[in-house]
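I opened this notebook to keep track of what I looked up. The entries follow the order in which I checked things.

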Amino acid sequence: QSRHSRHLGACAAALSRFSGGDSGDSGDLAMAAERLRVARRELGRITGHVGAEDVLDIIFRDFCVGK
């Protein structure tokens with residue numbers, strides 16, 4: 001499906017950035033962790049795994065909580 005392809009592409013891009021595709025911030029552990037988190041999230045969108053972080057993202061994006 002095109003949805004799977006889109007999420008796999010986003011996962012591959014995040015892993016590419018993690019493995020050195022963007023050399024501007026090499027050695028930054030926070031950026032490396034964020035790239036891995038993005039890759040995991042994209043795979044989770046294919047497998048149906050939904051974490052607490054995903055739920056909070058939806059709540060804050062869709063319901064104007066805290067604005």
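How many residues apart are Glu42 and Arg45 in helix 2? I am working from a predicted model, and there I find them 3 residues apart, so about one helical turn separates the two. I noted that they form a salt bridge, with the closest N and O atoms 3.6 Å apart. Glu42 is buried at 7% relative accessible area, while Arg45 is partly exposed at 40%. Salt bridges that share partners join Arg41, Glu42 and Arg45 into one network.

I then looked up the other link of Glu42. Its salt bridge with Arg41 has closest N and O atoms 3.6 Å apart, and both of these residues are buried.

Next I counted the salt bridges and got 3 in the structure. One of them joins Arg37 to Glu34, where the closest N and O atoms are 2.7 Å apart. I placed both residues in helix 2, 3 residues apart. Arg37 is partly exposed at 24%, and Glu34 is partly exposed at 33%.

I checked helix 2 itself. It has 19 residues and reaches 27 Å from its first C-alpha to its last, close to the expected 27 Å. Its buried residues include Ala32, Val38, Ala39 and Gly44. After the helix I found Gly48, with a positive phi near 95°.

Leu36 sits in helix 2 and is partly exposed, at 37% relative accessible area. With Leu15 and Phe18, Leu36 forms a nonpolar patch, and together they have about 240 Å² of accessible area.

Definitions and conventions:
Residues numbered from 1 in each chain as written. Predicted model: local features only at pLDDT ≥ 70, side-chain atom pairs only at ≥ 80, totals over all residues. Heavy atoms only, no water. Patch = residues over 30% accessible without salt bridge, like charges linked within 9 Å, V, L, I, M, F, W, Y side chains within 5 Å. Areas by Shrake-Rupley, 256 points an atom, 1.4 Å probe, with all protein chains shown as cover. Salt bridge = Lys/Arg side-chain N within 4 Å of Asp/Glu carboxyl O. Helix = DSSP H or I, 4+ residues; strand = E, 2+ residues; numbered from the N terminus. Buried < 20%, exposed > 50% of the residue type's maximum accessible area, 1.4 Å probe, protein only. Expected span 1.5 Å × (residues − 1).
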